[in-house]
Amino acid sequence: KTIAEKARAAIISPGRNRVGETLSSSVKSIWNILGGLRDKSTIVLLAECGEGLGAEAFKLYGAGRLDSEDLSRLSKYIEGLEDLVFLQEISKAHELVVVSALPNYYIESKFGLKSAKKASDALNHLLSSQGSRTKALIVPQASETLLKV
């Protein structure tokens, strides 16, 4: 999908076919939309995460058995490691708000992201952080949509 200019805010949903069932699979949908966002953007990820954290790297990180210093020094590959590193890097450049069934403890304390229980709460946060006149890019199937300017 070609857009006219880069956006300051995006509301995305991973899409159908169980893509949003875990946090690790939902994070993959963010890869596709980054080309259409400015720096310091707010990204609202609407993901059910009914099956938990997902990939092994996310489970270990959520349980505190893997820390950010270990990620670059691991001698073996752990499933989902690239998505975990990606999540940490984009959370430095953008503000991520996750709307899911996961407990706030994991999203906020372990992963350092903002949490919202309802989409309206996330929208209120987006408008207060980016300004009330901000135009938000809405991508309903982000895992199947590639944005470019």
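This is a predicted model: local features need pLDDT of at least 70, side-chain atom pairs count only at pLDDT 80 or more; totals for chains, interfaces and linings use all residues.
Residues are numbered from 1 along each chain as its sequence is written. Local features need pLDDT of at least 70 and side-chain atom pairs count only at pLDDT 80 or more, while totals for chains, interfaces and linings use all residues; side-chain values use heavy atoms, with hydrogens and water left out.

**Exercise 1.** State how many helices and strands the protein chain has, and in which pattern they follow.

Solution. Helices (H or I, at least four residues) and strands (E, at least two) are DSSP runs, numbered from the N terminus. The protein chain has five helices and five strands. Along the sequence they read β-α-β-α-α-β-α-β-α-β.

**Exercise 2.** Determine what share of the protein chain is buried.

Solution. Buried means under 20% relative accessible area (1.4 Å probe, protein chains only). Of the 149 residues in the protein chain, 45% are buried.

**Exercise 3.** Work out why helix α1 counts as largely enclosed by the rest of the structure, and what its buried residues pack against.

Solution. Step one: helix α1 covers residues 23–33. Step two: its buried residues are Leu23, Ser24, Ser25, Ser26, Val27, Ser29, Ile30 and Ile33. Step three: eight of the 11 residues of α1 are buried, so the helix is largely enclosed by the rest of the structure. Step four: contact means heavy atoms within 4.5 Å. The buried residues of α1 pack against the strands β1 (7–12), β2 (37–46), β3 (95–99) and β5 (136–139), and against the helices α2 (56–62) and α3 (81–93).

How values were computed:
Buried means under 20% relative accessible area, exposed over 50%, partly exposed in between (1.4 Å probe, protein chains only).
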